[in-house]
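Colleague: Could you walk me through reading helices in a model like this one? Let's start with how they pack.

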Amino acid sequence: MIELGLSRISRLVQQSPLLWKAIHVAGTNGKGSITSYVSGLLAAGGVRCGRFTSPHLIDRWDCITIDEEVVQESLFRQVEDQVKQRDQRLGLGATEFELLTATAFEIFNRERVEVAVVEVGIGGRLDATNILSNVLVSVISKIGLDHEAFLGNSIQAIAREKAGILKSGVPCVIDGTNPPEVLHVLQSRIRELGIDAAVAHPDTMGQRIPELAHLFKELDLEPHQKANMSCAVAALQKALEQIRPEKKAEDLLPTLSHIRWPGRLQQVSLRPLVAREEPVLLDGAHNGQSADVLGKYVDRRLRQSGQRVTWIVAASHGKNISEILEPLIRPGDNVAVVGFGPVDGMPWVRAADTTHLSGYVQSIQGIAAVKNFDTDILGAMTWASTIADGGPLVIAGSLYLVSDVLRLLRDKRPVL
């Protein structure tokens, strides 16, 4: 259940004051990557750093890391149990995400982190993470239409909700590649609060920091990856000014070459599961903006000489299917439609009806083969690998589908 508001979470963490500083990251797309970049850079700089992202990828506790290592399951369950007991004792009826947030914050206390990089769950203003008070810098990534039922049905309304994490006296970084109407809303709020703000754009950041421009070229990054990296470096600079003024962000930039955010333009091998040698592209694009980014990447890098693409797709119930699939699927493509399984700790999330989804795909003019596999993800991978015959294969449409695929791969691999 999603129920925004700060009253329950405020009481839930009231009895354990937060002993660390935070970097708070909101946005529609890119906030997970920015969070990962910032925490990786801080850890490389010798700062004991925690990270909290959502949703989890494979296990519920992998959304919490200490110095880039996932917390131990035993610690997670011990603290979670104490948080749940506190919730019952106080009669709060906290939501699943509020319980998870409180668990993460308590773990950061216990592990004595100096800085925690915290990703907003939904929105910003009323998100459970917005109880943070000791914030070093607020970051707002690319904003698009998503979760309209909770945040508003215009991009300006959503931007106002995201801007709710901005706080008086706390410097901020905003993604300069946002649409003008989004930048107008964010800059208006920044002026109201009178806070120090950096508009991070890859072009200007690359001019200011030659090492970053070199990294963009060396890593052959996509435009959105450059934007996310620019935001992360700008946020790092503002954080270091406050906690490590003797350190320069430029000296830590080589670390970025080694940071990967799973489930975003991730190349994986399905070989433990199916008879395919070639890598598969795995991407959690789950709204119009992220699907547009993925579609352009596939068109530019995988459709060489008019080569058709084979897809395995799923979507969450309530998502705008045409916004997600229209930028991806082209005439001549093959598509396997699946539904992901139950999401641990998020019982309100369910897969879109696969009959409805496959009906939409079949309506695309010139589409080649389409097959509905219901919840048989392994069957879909086997069929897609066969029909692709070594050609491009992409799995997309939902972070929860990405999770299921990665979980299947992990469970199949032998334990060393």
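Colleague: At what angle do the axes of helix 6 and helix 7 cross?

Modeller: Two packed helices are described by the angle between their axes and the distance between the axes. Here the axes of helix 6 (residues 155–162) and helix 7 (residues 180–193) cross at roughly 35° and come within 9 Å. Axes are lines fitted to C-alpha atoms over the stretch in contact, with angles from 0 to 180 degrees between N-to-C directions. Helices are DSSP runs (H or I, at least four residues), and strands are too (E, at least two), numbered from the N terminus. This is a predicted model, where local features need pLDDT of at least 70, side-chain atom pairs count only at pLDDT 80 or more, and totals for chains, interfaces and linings use all residues. Residues are numbered from 1 along each chain as its sequence is written, and side-chain values use heavy atoms, with hydrogens and water left out.

Colleague: Which residues of helix 6 and helix 7 meet?

Modeller: Ile155, Gln156, Ala159 and Arg160 in helix 6 touch Glu181, Val182, Val185 and Leu186 in helix 7 (contact means heavy atoms within 4.5 Å).

Colleague: Which residues are buried in helix 3?

Modeller: An α-helix has 3.6 residues a turn, so residues three or four places apart point the same way. In helix 3, Leu75, Phe76, Val79, Glu80, Val83, Arg86 and Asp87 are buried (under 20% relative accessible area; exposed is over 50%, partly exposed in between, 1.4 Å probe, protein chains only). They sit on the same side of helix 3 because they cover an arc of only 120° around the axis, taken from the directions from the helix axis to the C-beta atoms. Ser74, Gln88 and Arg89 are exposed on the other side.
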